[in-house]
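Dear colleague,

I am handing over the structure we spoke about, with the sequence alongside.

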Amino acid sequence: MRIKVGVIFGGETVEHEVSIITAIQAMNKMDQDKYEIIPIYITKNREWYTGDMLKDIDVYQDLSLIKKYAKNVVLYYKNGSYVLQKKKFPKTVVKEIDIAFPIVHGTNVEDGVLQGYLQTVGVPYVGPNVYAGVVGQDKAFMKDVWASADLPMTKYTWFYDIDYKRDRDAVIKNIEKLKYPVIVKPATTGSSVGISVCENQEKLIDGIDEAIQYDSKIVVEEVVQHLKEVNIAVMGNYEHQKVSEIEEVLSGNKFLTYADKYIGGGKNGKLKGGKNSVKSSKGMASTNRKLPANLTDKMRKEIEKVAVQAFKALGSSGNSRIDFLIDEKANKVYINEINSIPGSLAFYLWDAKGINFTDLLDEMINIGIKDYKKRISKT
């Protein structure tokens, strides 16, 4: 009997379209002899839908089709099963699932909120738990935890939007204890949304004004000079971990932008129709990269070691991508951030290590099942 896997994606997040891309990629690669794949799409207004049509990328060019033909459902526990039941009369059970596989990015889904709901209902699920989801999505929490673990990071500070509105000068004064240029980031968004590089105070103010549109908490950190960006994935849980190949990310910009990651380059690309639509994007698989990265053995081992330490410090589970910044002149490695549920699930990093996408998904599901068994074994 096949395991019923409910693949959850979408959600009320600025990374909604990115989640669709990643989920479609994954559903197309799951072993259909082992798994019955049940797509569960969350719209931007938080309605849940299911139906086989949701596996087709073309559907997302016209969302009215989803409301017309897919089934609007709720997920809950009923008579010993986890069921998707129609919201409208007759309230029949449409599908049952054995395990949920959240393939989500960003606020309100990747950040522990969805995981909290699944855990409250009792559904086994793949990926980070509530705590790892929260800390992995909040760059301020993340950096504070890593600082306590003494991991190598650039100098940083963070503040709330209300502090900035009440006393802008005090916040700027504190930021300027760092050295320009600095990079300004909303604390809880991903995919490089709302990020600015600022060379002076005037640009810093513009960058903060931009970031505040996306978040109430803002992180500011020093820019690494002579920059090389590299990424590595870690798979496992707090007990066991293994690392992927390391990639060097190639970008013509000062940092890897949303367009670099999901549209394949260009400053004006959008994920809203046309040639740069959800349909045509290949997600993180389209990013320009050098794989494997050009690194010394010593630096490669250092990145692998720090990546595992960072993964364990956050209590992560599943398959996370961890991004590093290297100052090539100073020959220093800095950990940048973790992506608890990375774009394209970082399958290309594992493929380079001889683990194909189908086997990667299988291993992630197995880790989720083991995590669930450990969770329910505790009093």
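Predicted model: local features only at pLDDT ≥ 70, side-chain atom pairs only at ≥ 80, totals over all residues.

Residues are numbered from 1 along each chain as its sequence is written, and side-chain values use heavy atoms, with hydrogens and water left out.

I begin with the aromatic rings. Rings of Phe, Tyr and Trp (its six-membered ring) are taken as a pair if their centres lie within 6.5 Å, and planes under 30 degrees apart count as stacked, over 60 as edge-to-face and the rest as tilted. Nine aromatic pairs are counted by this rule. One of them is formed by Phe-159 and Tyr-164, whose ring centres are 6.0 Å apart and whose planes stand at 35 degrees, so this pair is tilted. Both Phe-159 and Tyr-164 are buried, where buried means under 20% relative accessible area, exposed over 50% and partly exposed in between (1.4 Å probe, protein chains only). The pair of Phe-347 and Tyr-348, by contrast, is edge-to-face, with 5.7 Å from centre to centre and 75 degrees between the planes. Phe-347 counts as buried at 18% relative accessibility, and Tyr-348 is buried with a relative accessible area of 8%. Phe-9, Tyr-41 and Tyr-60 form one aromatic cluster.

Charged groups also meet rings here, and a charge is said to sit over a ring if NZ of Lys or CZ of Arg is within 6 Å of the ring centre and within 35 degrees of the ring normal. The charged end of Arg-289 sits over the ring of Tyr-348, 3.8 Å from the ring centre, and the charged end of Lys-217 sits over the ring of Phe-141, 3.8 Å from that ring's centre.

Next comes helix H10. Helices (H or I, at least four residues) and strands (E, at least two) are DSSP runs, numbered from the N terminus. H10 has 17 residues, 297-313, and reaches 24 Å from its first C-alpha to its last, close to the 24 Å expected at 1.5 Å a residue, the expected span being 1.5 Å times one less than the number of residues. Its buried residues are Met-299, Arg-300, Ile-303, Val-306, Ala-307, Ala-310 and Phe-311. They cover an arc of only 135 degrees around the axis, which puts them on the same side of H10; the arc is that of the directions from the helix axis to the C-beta atoms. Asp-297, Lys-298, Lys-301 and Lys-305 are exposed on the other side of H10. After H10 comes Gly-315, with a positive phi near 65 degrees.

Finally, the backbone deserves a look. The peptide bond joining Tyr-180 and Pro-181 is cis, with omega about -5 degrees, and Pro-181 is found in the loop between helix H7 (168-175) and strand S9 (182-186). Another cis peptide bond runs from Leu-291 to Pro-292, with omega near 5 degrees, and Pro-292 is in the loop between strand S14 (289-290) and H10. Asn-79, a residue other than glycine, has a positive phi near 50 degrees; Asn-79 lies in the loop between strand S4 (71-78) and strand S5 (81-86) and counts as exposed at 72% relative accessibility. Leu-345 has a positive phi near 55 degrees, but Leu-345 counts as buried at 0% relative accessibility.
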